[in-house]
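Hi everyone, thanks for having me. Please have a look at the sequence and the model on the screen, and then we'll walk through a few places together.

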Amino acid sequence: MLRFLRRGERAGRGADTGRHALMPIPLTGGLLSGQVRDAEGRPLAGAEISVFDRSTRRVAHSDSDQFGFFCAAVVPGEYRVRAEAGGYHSVTDAVEVDWGKHAQLGQVTMVPDDTQRPPTPGVYDIDQTHSAVRFVARHIALSRVYGRFNDFRGQIQIAEPFEDSHVEVVIEAASVDTSVEQRDDHLRSADFLDVAKFPQLRFSSTRFSQRGGNRWLIDGELTLHGLTSDVQLETTFLGMQEWNGVRAGAVARTELHREHFTLNWQQMLSRGVPVVGSTIEITLDVQATLKS
């Protein structure tokens, strides 16, 4: 259960210099801090912390660090502090911050949201019409080029225990689409994907693990341009729905370095700026249906 300092309570030993605080106490304000933990008492990193004043205006916003800690400097007054994290019920309560004081909120305990637990064990087919494989690349260090692959398929095996789950995805390289025909033809050529020689991209997972709440890590191997390299997908499970069958949703993200797959074509501008960035951001929006 979450315990905040109540009105009239004091943290520490009166006015302090802030030496024990997570950051210096401002001369015209106070400090509030706390630590987010899960129901088993483990620090919860990445929880979203929002601080609202009496007019419901958000005056501070941060994420808990890898040890679950968060901190905010605010002007003296009464506040509501809300903690949110994927896969957990949000927690909100009130706290009063005094001038020159450090209000220590203590431990914020977040309880799992059962609706965000891993999907029901079984075999799920990726629904291509409600899924997407997108990528983003830098162009001359100024803008982003957005693209997608239009033809792909895959299957997810959710096992018990969850760590034994598996996913396979096959992407047709020639289906690359950036909405510019000349650029797409270049991407299909031997300078990049070389689709005539390497018609498919393939991903096969080697390990599933839960990071907490609705966050997963999926380790696997990606075969691209004839080479296979390790890839890790940071995945957010979006829950289950019933619509034309039982469906599960997730978003997975990773970064690829072109050089790992010998996609080495490059042109340089006069001052050494590359035309195409070496890092490619990949996002998979997946909706999958449970096979009966």
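Let's begin with a term: a residue is called buried if its relative accessible area is under 20%, exposed if it is over 50%, and partly exposed in between, using a 1.4 Å probe and protein chains only. With a relative accessible area of 48%, R42 is therefore partly exposed.

Before we go on, a word on where this comes from. What you see is a predicted model, in which local features need pLDDT of at least 70 and side-chain atom pairs count only at pLDDT 80 or more, while totals for chains, interfaces and linings use all residues. Residues are numbered from 1 along each chain as its sequence is written, and side-chain values use heavy atoms, with hydrogens and water left out.

Back to R42. Which residue does R42 form a salt bridge with? The partner is E40, and the closest N and O atoms are 3.2 Å apart. A salt bridge here is a side-chain nitrogen of Lys or Arg within 4 Å of a carboxyl oxygen of Asp or Glu. E40 has a relative accessible area of 61%, so E40 is exposed.

By that rule, the count comes to 13 salt bridges. Let me show you another one, between the side chains of E78 and R54, at 3.9 Å from N to O. E78 sits in strand β5, residues 77-84, and R54 in the loop between β2 (48-52) and β3 (58-63), so this pair ties together parts that are 24 residues apart in sequence. A quick note on those labels: helices (H or I, at least four residues) and strands (E, at least two) are DSSP runs, numbered from the N terminus. E78 is partly exposed at 27% relative accessible area, and R54 is exposed at 70%.

Next comes the salt bridge of D219 with R207, where the closest N and O atoms are 3.8 Å apart. Why does this pair tie together parts that are 12 residues apart in sequence? Because D219 lies in strand β15 (residues 215-224) and R207 in strand β14 (residues 200-212). D219 counts as buried, at 18% relative accessibility, whereas R207 is partly exposed at 46%. Salt bridges can also share partners, and in that way D38, E40 and R42 are joined into one network.

Now for the rings. How many aromatic pairs does the structure hold? There are five. Rings of Phe, Tyr and Trp (its six-membered ring) pair if their centres lie within 6.5 Å; planes under 30 degrees apart count as stacked, over 60 as edge-to-face, and the rest as tilted.

Take F162 and F208: their ring centres are 5.6 Å apart and their planes are at 80°, so this is an edge-to-face pair. The two come from distant parts of the chain, 46 residues apart, with F162 in the loop between β11 (152-158) and β12 and F208 in strand β14.

W216 and F237 make a stacked pair, with 5.4 Å from centre to centre and 20° between the planes. Since W216 lies in strand β15 and F237 in strand β16 (residues 227-242), the pair ties together parts that are 21 residues apart in sequence. W216 is buried at 6%, and F237 is buried at 0%. Ring pairs link F162, F208, W216 and F237 into a cluster.

Is S175 buried or exposed? With a relative accessible area of 13%, S175 is buried. Leaving aside neighbours within four places in sequence, S175 is in contact, meaning heavy atoms within 4.5 Å, with R148, F149, N150 and D151.

Let's finish with P24, in the segment before β1 (30-38). At 66% relative accessibility, P24 counts as exposed. The C-alpha atoms of P24 and A73 are separated by 8.5 Å, while the two residues are 49 residues apart along the chain.
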